[in-house]
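This report covers the salt bridges of one protein model. The sequence and structure are shown first.

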Amino acid sequence: YPQRRRDDGRWYAADFTLEEIRTLRAHERLESRFPQDRGAFSVPTFQEMIDLVQGLESTTGRSIGIYPELKAPGWHREQGLPMEEPFLAVVRERGYRGPEARIFVQSFEPESLRRLRAAGSELPQVLLLADEDSSAPWLGDDGLSAVREIADGIGPAKALLERDENLVARAHDAGLVVHPYTFRADDLPAGTPSFEAELERYLSKLRVDGLFTDFPDRARQWLDREFPAGGS
């Protein structure tokens with residue numbers, strides 16, 4: 001669809017119908033991972049991903065959570081495509097309701113989280129914080145208290161914790177969980193000997209409550225080894 005490219009040189013899902021998106025092939029973003037020229041993978045809908053997760057729950061007997069992100073909700077609102085209420089309709093229809101639901105709803109935009117609360121959502125929410133000046137108002141004690149009004153936790157870029165290790169304790173004091181991003185075994189910070197060493201630093205020393213990773217299998221193995229039988 002070369003004619004759908006906007007003036008900024010990018011394509012936007014908002015300019016396509018679902019039927020058109022179904023004709024596209026999805027591939028791994030990073031060339032160092034799964035080969036980009038292998039497989040005829042289609043683009044799933046959010047509902048289909050939930051169905052996959054809930055099907056695996058039924059098959060394995062395990063409880064599996066989901067962690068969806070509302071991407072650029074303000075921009076989509078400007079395009080006449082507000083996403084908060086349609087999103088809530090989907091998750092509610094599939095049984096995600098209330099503060100104990102196995103879900104975290106994440107967004108970089110506090111206004112979107114505020115709109116979800118105004119729409120009656122009690123689902124756990126996380127405000128993502130980039131390593132940018134825009135995050136500064138949320139990092140002080142007053143800012144963290146303000147986060148508590150719209151979210152249950154923060155998802156800071158790792159660099160924010162590297163500059164202020166006390167951010168975790170201060171967030172905990174404000175009643176917030178802390179889930180930093182993103183932990184990658186094939187993209188370790190300088191001076192970090194291994195993926196497991198980075199997990200050790202953040203989970204055991206800094207005491208974060210969870211984390212975003214592209215390698216959940218290795219993170220799970222580390223957790224099971226270090227904290228057997230659910231120990232903390």
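## A buried pair

Glu198 and Lys158 are both buried. Their side chains form a salt bridge, with an N to O distance of 2.7 Å. The pair connects distant parts of the chain, since Glu198 belongs to helix α10 (residues 195-205) and Lys158 to helix α8 (residues 158-163), 40 residues apart.

The model is predicted. In total, the structure contains 24 salt bridges.

## The pair at helix α1

Glu20 and Arg4 form a salt bridge in which the closest N and O atoms are 2.7 Å apart. Glu20 is in helix α1 (residues 18-22) and Arg4 is in the segment before α1, so this pair ties together parts that are 16 residues apart in sequence.

The two partners fall into separate burial classes. Glu20 has a relative accessible area of 17% and is buried, because buried means under 20%. Arg4 has a relative accessible area of 22% and is partly exposed.

## Between helices α7 and α9

A salt bridge also joins Asp141 and Arg170, whose closest N and O atoms are 2.8 Å apart. Asp141 is in helix α7 (residues 141-147) and Arg170 in helix α9 (residues 166-173), so the contact ties together parts that are 29 residues apart in sequence. Asp141 is partly exposed, at 47% relative accessibility.

Notes:
Residues are numbered from 1 along each chain as its sequence is written. This is a predicted model: local features need pLDDT of at least 70, side-chain atom pairs count only at pLDDT 80 or more; totals for chains, interfaces and linings use all residues. Side-chain values use heavy atoms; hydrogens and water are left out. A salt bridge is a side-chain nitrogen of Lys or Arg within 4 Å of a carboxyl oxygen of Asp or Glu. Helices (H or I, at least four residues) and strands (E, at least two) are DSSP runs, numbered from the N terminus. Buried means under 20% relative accessible area, exposed over 50%, partly exposed in between (1.4 Å probe, protein chains only).
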